[in-house]
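Here is a friendly briefing to read alongside the model.

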Amino acid sequence: MSRPRIGLALGSGAARGWSHIGVIDALTEAGIEPEIVCGTSMGALIGAAYVSERLPDLRQWAEAASWREIAPLLDVRLAGGGLIDARLVVEFLRKLGIGAPIESYAKKYAAVATDFNTGREVWLQSGPILDAVRGSIALPGFISPAEVEGRWLIDGGLVNPVPVSLCRALGADVIIAVNLNGDLLGQRPDNAPREKPVSSGPATPGEFFGRMLTDFPAAAREQATQIALRLLPQGPSTPGYFDVLNNSINIMQDQITRARLAGEPPHVMLTPRLQNIGVLEFTKAKQAFAEGRACVEHALPMLRRYL
């Protein structure tokens, strides 16, 4: 019998998406190599690094990244349809060597985005891989929409957070899916004081925005400061802008994911335990890597049964 074609469906989840790297590392060490890679949002970004064979470079950067390294990639505009313009993220990926046409890679790749005007699901399967990533990561409220081939695209997590259906359409016989949002709802907020890390760069998103405002023109600085302060929590038990937006997206994606997977289940579902990683906590890469590895180790008996 011929070897089954393995498809890997990498789900959306912003900073929690670092766990995809741990998943791929553990699968590789177990001798499991997907031929088809589909991703939504951060899953599209990690999938692009994998098929372009630049995952080791991205892993190394993420392991060492503090807010000092991450802040320059977040071009805060407070306009243009999102808080962040992702052009600098795209340029960063290009410098890593991720940028060739999708058709040129040995593995099949596709990313999911959402057409902003029609709400339809868009499968990006050809053309520059960075255009596919840019369209898929445009998380509403955070990252501005992307214009790709005459269409305005936003985050694919709005329509297909875990792209099992896309893997199957591309010819996968066995589909391994990674759901980053499976254990996020119902958690209690952590109000315990945290030790402040020693760093010369900003340690939290709040400090990051504070430093970004120092570059604003003097006339706009006061107004921008007031806006930024309203984005952060107003008290220990009062949700801030990011808390509301983050958990609203979690609720939405959880409901959409359950509905989509009920009708289109994968053969193996991997659900890393990521409830302690927020949507913008990109400095927790090592923790996310470990959780990605752990969920693969738990699922290895089932994976081997299928393969």
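A residue counts as buried when its relative accessible area is under 20%, as exposed when it is over 50%, and as partly exposed in between, using a 1.4 Å probe and protein chains only. Ser-41, at 6% relative accessibility, is therefore buried. This is a predicted model, where local features need pLDDT of at least 70, side-chain atom pairs count only at pLDDT 80 or more, and totals for chains, interfaces and linings use all residues. Residues are numbered from 1 along each chain as its sequence is written, and side-chain values use heavy atoms, with hydrogens and water left out.

**The chain as a whole**

- The chain holds 11 helices and 10 strands; these are DSSP runs numbered from the N terminus, with helices (H or I) of at least four residues and strands (E) of at least two.
- Of the 307 residues in the chain, 51% are buried.
- Among contacts (heavy atoms within 4.5 Å) with a separation of 6 or more, 75% join residues 24 or more positions apart.

**The annotated site**

- An unreviewed UniProt entry places the feature "active site" at Ser-41 and Asp-155; such annotations may be inferred rather than shown by experiment, feature names are shortened, and positions are given in the numbering used here.
- These residues span 115 residues in sequence, yet no two of their C-alpha atoms are more than 6.0 Å apart, so they gather at one spot.
- Both Ser-41 and Asp-155 belong to the lining of the largest cavity. On a 1 Å grid over the protein atoms alone, a cavity is a set of points where a 1.4 Å probe fits but cannot get out, and lining residues have an atom within 4 Å of a point.
- Ser-41 sits in the loop between β2 (36-40) and α2.
- Leaving aside neighbours within four places in sequence, Ser-41 is in contact with Ser-12, Ser-136, Ile-137 and Asp-155.
- Asp-155 belongs to strand β8 (residues 151-155) and is buried, with a relative accessible area of 0%.
- Not counting residues up to four places away in sequence, Asp-155 touches several residues, including Ser-12, Ser-41, Thr-114 and Gln-253.
- The side chain of Asp-155 also reaches the backbone nitrogen of Gly-157 at 2.6 Å.

**Aromatic rings**

- A pair of aromatic rings is described by the distance of the centres and the angle of the planes.
- Rings of Phe, Tyr and Trp (its six-membered ring) pair if their centres lie within 6.5 Å; planes under 30 degrees apart count as stacked, over 60 as edge-to-face and the rest as tilted.
- By this rule there are three aromatic pairs.
- The rings of Trp-18 and Trp-61 have centres 6.5 Å apart and planes at 50 degrees, so this pair is tilted.
- Trp-18 lies in the loop between β1 and α1 and Trp-61 in helix α3, so the pair ties together parts 43 residues apart in sequence.
- Trp-18 is buried at 4% relative accessibility, whereas Trp-61 is partly exposed at 22%.
- Trp-61 and Phe-92 also make a tilted pair, because their ring centres are 4.7 Å apart and their planes are at 50 degrees.
- Phe-92 lies in helix α5 (residues 87-95), 31 residues apart from Trp-61, and is buried at 16%.
- One aromatic cluster is formed by Trp-18, Trp-61, Phe-92 and Phe-282.

**Positive phi angles**

- Ala-14 is not a glycine, yet has a positive phi of about 55 degrees.
- Ala-14 lies in the loop between β1 (6-10) and α1 (19-29) and is buried at 14%.
- Glu-53, also not a glycine, has a positive phi near 60 degrees.
- Glu-53 lies in the loop between α2 (42-51) and α3 (55-64) and is exposed at 65%.

Methods:
On a 1 Å grid over the protein atoms alone, a cavity is a set of points where a 1.4 Å probe fits but cannot get out, and a pocket is an open set with protein on both sides within 12 Å along at least five of seven lines; lining residues have an atom within 4 Å of a point. A polar contact is a pair of N or O atoms within 3.5 Å; within protein, one must be able to donate a hydrogen and the other to accept it, and residues adjacent in sequence count only if both atoms are side-chain atoms.
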